[in-house]
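Below is a briefing on one protein model, covering its overall form, its surface and two of its residues.

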Amino acid sequence: MMLGDIAGIVAAVAFVVLVAFCAVPLIRLGKLFDRTAQSVGEIAEHAVPILDEAAKTVSGTNAQLEKVDAITTAASEVSQNVSALTGLYAATFGKPLVKVAAFTYGVRRAISRSLSSESESAK
């Protein structure tokens, strides 16, 4: 055997050792990818029911909001009706009632002045 043959064998053995040394991290990386794929699959299995439940919740919330909208519309209409009724009451009874109150106040005041002037003249 020649020196070149020995060098070739040493180089081949070194190459095999280098390939084995590099293969260990690659095998570990492959296992890591397998675990990652498994984890992603499990997450997907759990995410689908959660998304379905969220969709149901949003749908139920929308239905409730439609009911609340109907209630607030009815309350707004009642408020407008009460406001109109109050305005009608004020226009119908308010001014005449104020006039009657002013008239009665004037009559009471005139009577009290009349009575006070009679009592002063009687003295």
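Accessible areas come from the Shrake-Rupley method with a 1.4 Å probe, and for residues only the protein chains shown count as cover. On that basis the accessible surface of the protein comes to about 10,800 Å², with 71% of this belonging to carbon and sulfur atoms. The model is predicted: local features need pLDDT of at least 70, side-chain atom pairs count only at pLDDT 80 or more, and totals for chains, interfaces and linings use all residues. Residues are numbered from 1 along each chain as its sequence is written, and side-chain values use heavy atoms, leaving out hydrogens and water.

**Overall form**
- The protein has one helix and zero strands, these being DSSP runs (H or I, at least four residues, for helices; E, at least two, for strands) numbered from the N terminus.
- The radius of gyration, 50 Å, is well over the 14 Å that the globule rule gives for 123 residues, so the protein is more spread out than a compact globule.
- That radius is taken over C-alpha atoms, and the globule rule is 2.2 Å times the number of residues to the power 0.38.
- The C-alpha trace spans about 165 × 35 × 20 Å along its principal axes.

**Exposure**
- Of the 123 residues, 0% count as buried (under 20% relative accessible area; exposed is over 50%, partly exposed in between).

**Two positions**
- Leu-18 lies in helix α1 (residues 3-121) and is partly exposed, at a relative accessible area of 47%.
- Arg-113 is also placed in helix α1 and is exposed, with a relative accessible area of 51%.
- A distance of 76 Å separates the C-alpha atoms of Arg-113 and Val-58, which are 55 residues apart along the chain.

Methods: Buried < 20%, exposed > 50% of the residue type's maximum accessible area, 1.4 Å probe, protein only.
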